[in-house]
Structures are given as structure tokens and as C-alpha cells.
There are 2 protein chains.
Amino acid sequence: MDMDERKLKILQAIIQNYMETGEPVGSRTISKYTDLNLSSATIRNEMSDLEDMGYILQPHTSAGRIPSDKGYRLYVDTMLEKKDREVADIKDLFLEKTDKLETVLKQVARLLSENTNYTTLVSKPKYEHKKVKFTQLSMVNETQLLVIIVIEGNIVKDKFVNLTEPIEESQVPQINFLLNTALDGLDLTEINMALIHKMKEQAGQYAGVVGVILDAIAAAVAEEDDYVMITSGATNILKYPELSDKEKATKLLSILEEKDTLSHWINASGDDTDHNIQVYIGDESPVEAMKDCSVVTATYHIDEGVYGKIGIVGPKRMDYEKVVGTLENTMKQLDAIFKK
Amino acid sequence: MDMDERKLKILQAIIQNYMETGEPVGSRTISKYTDLNLSSATIRNEMSDLEDMGYILQPHTSAGRIPSDKGYRLYVDTMLEKKDREVADIKDLFLEKTDKLETVLKQVARLLSENTNYTTLVSKPKYEHKKVKFTQLSMVNETQLLVIIVIEGNIVKDKFVNLTEPIEESQVPQINFLLNTALDGLDLTEINMALIHKMKEQAGQYAGVVGVILDAIAAAVAEEDDYVMITSGATNILKYPELSDKEKATKLLSILEEKDTLSHWINASGDDTDHNIQVYIGDESPVEAMKDCSVVTATYHIDEGVYGKIGIVGPKRMDYEKVVGTLENTMKQLDAIFKK
DNA sequence: GTTAGCACTCGCTTTGATAGAGTGCTAATC
DNA sequence: GATTAGCACTCTATCAAAGCGAGTGCTAAC
């Protein structure tokens, strides 16, 4: 038994109807559904075939059919029509290019979740392999320094350092210079024990201070894992009956609140240049609690090698056309903003 | 009709039983409940009185009684026993005093929500009336500067500034000095249009640059409102049947996600020195969506005049003793850490 | 003042009956 | 050979009736 044009049309009709209503779709519904003028009996035969092929399934004997994961997959792969989706101009959110990246990402997340009525995840960009642009030391008092580290992509990290022995204000510029010459152009991953050791040796009289500062820098840089996911519209989950029973909702919301699992997964998927859009349907997602959801992800690029991901989570019957379109548009806008 | 010892005991028994089970409490239950050896009939008479006085109410004619807001209020005001509550040492969360305040607060929130099984809110401290400690300019490239502002309490703000005309590296220290002399010891609220105007005049040849920088500083300082609430354990809400029906849960979780309303309320309540613990039962809370909850708040102090609030949100039948005790202990620990 | 006893109320659960949506199969039709 | 009308069948969802049980209020006795 193989697929033909008519079966595809019927499958599409089932999926579209199910997306709107969330109820199993019966043969009579499809029969009345314009275009293909077929009786419900014929549709029934075709549906029976589609079920055998695994594209749809029946919740119980006397119910209509709903799409299976395989059905959705076919739909997403071959039946999506691309239309231009309007998204409010992100540029307007971005008052100046100097604004905090985090603020912008939060607003993008909010925009997307309000626009789609699904939940939005945004991962802050990873900058593992970025280089140190410069560091800046400031003296707070004679035993405390403030270290500022600026990384490519204008990411700013700050850290206070308590010194074991007091230093003179006049020494600060020298130490600062020492640090900058040593760290200039270094990859963040290169700031490790070996480097710290080596630099201490070169630091001569400042060995002690420099050691403490480097430790602080390493700590500050490592801190990035701290808070890498932004979520918005988590409560949208509760709008969809198939996700909102207590047990599922609790699991989902917990996962969203924790952020750990998500951030691992979403970052693990790696850089797929070209801000490829990926669709994970049900079990295709590696996160157990999301097996009743679909997730659409996209990659945005801030700078060469600095990228993050945006994900939209909704029920399997989410409006893929809208979500994919909206994400594509958003990516285009983000790229335009960052590329300049 | 007035209150006597016995009525109080009965009320207490009702409340405690209801807290455990969440079910209306009947006269027979209380009758079997040790101490006061009274038959269910007597208890019934007393309960009828307590109902007339407004301390308890009946969901329907043939059900037991549940405490009213007034009942809880009496309980909280007069019947709480203080016991020392153990909370994991917060000091251990705090690896060094140099750690980011936000990180610590997040961990405190998490600790509290896990400890109590309720939802925890933490507001970041307001620093409206704090003074500028110093600013530090760094040159990124010839038309871009990085401004760092350090405020009392070691709060660090950063902001990139795009210049309309390029400057020389050698000018940066001079401008920096100019800024520092002018801003040193200023209250943040004093950084306003008038000041900016005045400073521009004094800045002579640097008027343009200084103006742009001051605007940026004003913007950076204003940004604080951005993200002042931390929440943890929001999904705990769903553990309590009286809060977890779809409608209530959606409202509550939305409020928690938005954070705006909460932050207004929790900050509006002002500084009540002595980290006073406040209990809001049901309607006593000004937030409509929380009328089925109770909220316990406490104030922590980071520094003279720099304080934030911690709130714990749960069902009205929350374990007030535990929550109040835990919060008191937590406050003591936080104070000990910050005071030194 | 306390308590035993009893009639009564009311929500929750179970049961059974019914309606309705949908199917699969068969036989007739195109 | 493909399509369709027709029918028996299945399964769920809904509703009412019945019974249960927890709890009450009141009265009369202790």
C-alpha cells in the first residue's frame, strides 16, 4: 500500500482540522470538507489505510483519528506553506546598540510568546571561544579591587577581589597593564591553571596580587553557566488541554523553571549556521517531560562564533506554519541588527 | 457571647487539623482529639458559637468547619509557638563575600522554597538613595567607551556609550577624573537633567562627551527596575488542591511570572527596620490574584538603607510556624553575613 | 453544663440508561 | 474496480436516580 495524492490531501485535512479543534477528526467531517468530493465511506477506507501506514491513530475504537508523530513529521517536512509573518519590529525594542543584550533577549522572548501563545525559551549566547578584549582594574579600597573583563561581543563581567595584603593606588595601572598584555587576545578557554601559573612567574613582585586576580577572572568567566536560559509565557502551557492536566503541567513547568535540563539540551544541539530552523515533534525531543510537546528551535548569531538559540514550546498540534514563519522573520531581524 | 479558654483550644484544634488534612474538620474529630474530654455534641455547640463569632465557617450545611481569615488571623497573632528552625547554613552558599549578590539571592530563594514547599519571592535591594562610589571609563575603540558605575554596597553597573566624535586615548583619564570629582558622593536620585546640564557647562572642551556619558549613566541607573524580583518554586503552587484548579493556578503563575505587580507591592510596603515579619492572610494581600493565598514577608538589610524583601507564598493553611521560624532564622543569617 | 440520640441535610460515588459520534463491513451502484 | 449507501456495532460522555456517609442542629435526659 503506498501513498498517493489523495491520501496526502486527506492527511492534511485531518491535521489541519485537528490543529484547530483539538478533537479527533471523523470521516464525515473530512467528507464535508470541500475539495475532494468523496463520501464518508470512502474517506473511512482511506483513513484505515493511513492508520495502517502509521500516519494517524485512533484514541479508541469509536473515535475519529488524530495525527501521529509520524503524521506531523510528514506534514512539517512537506506540507508547510511559507508565508511572511509579521513580527513587531524588534529594532524598536532595541533603543540603542549599547543596550544590554540580556534586556533585548528578554523582550524578544516576551514578544514571541505573546505573538504565538506558546512558551518561548531563549538561551544567552555562549562565548566559550571568544577572546578577551581587555580588562580594567579599579581600586575600591586598599585591600579590595574591582576587576572588569570585557569579552568580544561586548560582554562585560565584573568581580570584586579581596587582597591578602594592601597595595598602593599607584601600582594599579602597572598591574592592569601587565594583565592586559598577558590576556590580550586570549581565548577564554585558555585561562586555566597552567596559564595562571605561568603568569604568576612573570609577574615578579606582583605575583601574589596577579594570582588572586586571575583566579577571580577565571571564576567570573566560569560563572556564565549561572543563568543562561530566559523563558517567557510559561503559563501559556495551561491554555492547551492536552498539556494542562496537573501531572503533565507540573512536570513541564518544573522543567521550564529549573532551566538546567533545557539549557543543556538546547546548547548541545550545536551551531547549525544559516540559522537553520529545527522542529522536534513529541518523542523526537530528548527531554522526557516534553514528549507531549513540540519544540521549534532556531539559532541567532551575534558575532562570528557567538550564537544562542531560541525555542518555542507548544502542544504537538501547534501552528507550525506560524511558528516557523515567525521565527524566521525574527532571526532575519536579529541578524540585521547584530551584523552591522 | 465571648471567647473563653475552651473555645480557643477548640479553634486551635480545628486550625491545626485543617492545616494537616486540608479537609473540613467535624465535631467528632475534635472530640477524639485528646486533651479536652468533651463529647462531639458539646464541641458542636462551641463550634456553632465560633461560627457566629466569625472565626470558622462551613463550606456547606453538612460539612465540617474550616478556619476563616479572621480565624487564621487570631491563630497567627496569638497561638504561634516559636521554635528554632534549622535552615542550611547560608554561609555555605556564599563562597566569598565578593560573590554576586544576585547569585546569592537566587540560592536563598531556592533554599527557602525547597525547605518550605511553598513559593519564594525575593526582591533585589533598592539602592535609590545610595551614593556613587566611583566611575571608571575604558576605551573600547575611538568612538566607543565603556562606563562602569560602582554604587555603595558594591553594586556594579556597566554601559557602553557610542560617541558622536572620536576621542584620543589620552583624554580618557582626564574625563574620568572629571566625572569622578563631580559624581563622588552623589545620591543616585541627584543624577538628573539639572545636574547633567550643570556638569556639561563645567566640562569645557569635553562638554559633548561628558553629556553623552552622563545620559548613559542615568540610563544605566534607571535600568535597575528591569529585573528586581526573583522567584523560586512557583510550581509548588500546584501541590495544593485549593490553589491548583486551572483558573486560580493560571492567575497565580502569571502574576509570579510577570513580577511587575509583585515587585510594586512588595516594595511599597517599605522598610520596617528590625526585619519585621509580616503575615498577609487572604484578602489582606493587596494583590487580587492572591486572595486565596497567604504571604509572609520579611526584610533583609544589606547595608544602611539598602534593603530588600523576601516573601513566601502558600495556601492559607500554610504552616505559619514553620514559615515564620524559617524566615526569622534566614534573616538572622543574612544580617550576620552582610553586617560584617 | 454536658451528653446521648435522632432526624435531617447535603455532597460524593456508583449504577444504569441513553444519546451520539464514529467505525468497519457488506452489498449495491456507477 | 472504485465509490457509496446502509446497517450493526463499539465506545464515550452525559444525566438522573439511588445509596452512602459525614456532619449538623435540636431536644430531652443526665
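**Note on a predicted two-chain model**

1. In chain B, helix α10 covers residues 260-268, and its buried residues are B:Leu262, B:Ser263, B:Trp265, B:Ile266 and B:Asn267. Buried means under 20% relative accessible area, with exposed over 50% and partly exposed in between, using a 1.4 Å probe and protein chains only. Helices (H or I, at least four residues) and strands (E, at least two) are DSSP runs numbered from the N terminus.

2. This is a predicted model, in which local features need pLDDT of at least 70 and side-chain atom pairs pLDDT 80 or more, while totals for chains, interfaces and linings use all residues. Residues are numbered from 1 along each chain as its sequence is written, chains are lettered from A and ligands numbered from 1 in the order written, and side-chain values use heavy atoms, leaving out hydrogens and water.

3. The buried residues of α10(B) pack against these elements of chain B: the strands β3 (119-123), β7 (229-232), β8 (278-281), β9 (293-303) and β10 (306-315), and α9 (246-258). Contact here means heavy atoms within 4.5 Å.

4. Chain A contains 11 helices and 10 strands. Of its 340 residues, 54% are buried. Taking contacts between residues at least 6 apart in sequence, 62% join residues at least 24 apart.

5. The C-alpha trace of chain A spans about 90 × 40 × 35 Å along its principal axes.

6. Carbon and sulfur atoms account for 47% of the accessible surface of chain A, which comes to about 15800 Å². Accessible areas come from the Shrake-Rupley method with a 1.4 Å probe; for residues, only the protein chains shown count as cover.

7. A:Gly325 lies in helix α11 (residues 320-339) of chain A. Is A:Gly325 buried or exposed? It counts as buried because its relative accessibility is 7%. Leaving aside residues up to four places away in sequence, A:Gly325 touches A:Arg85 and A:Tyr320.
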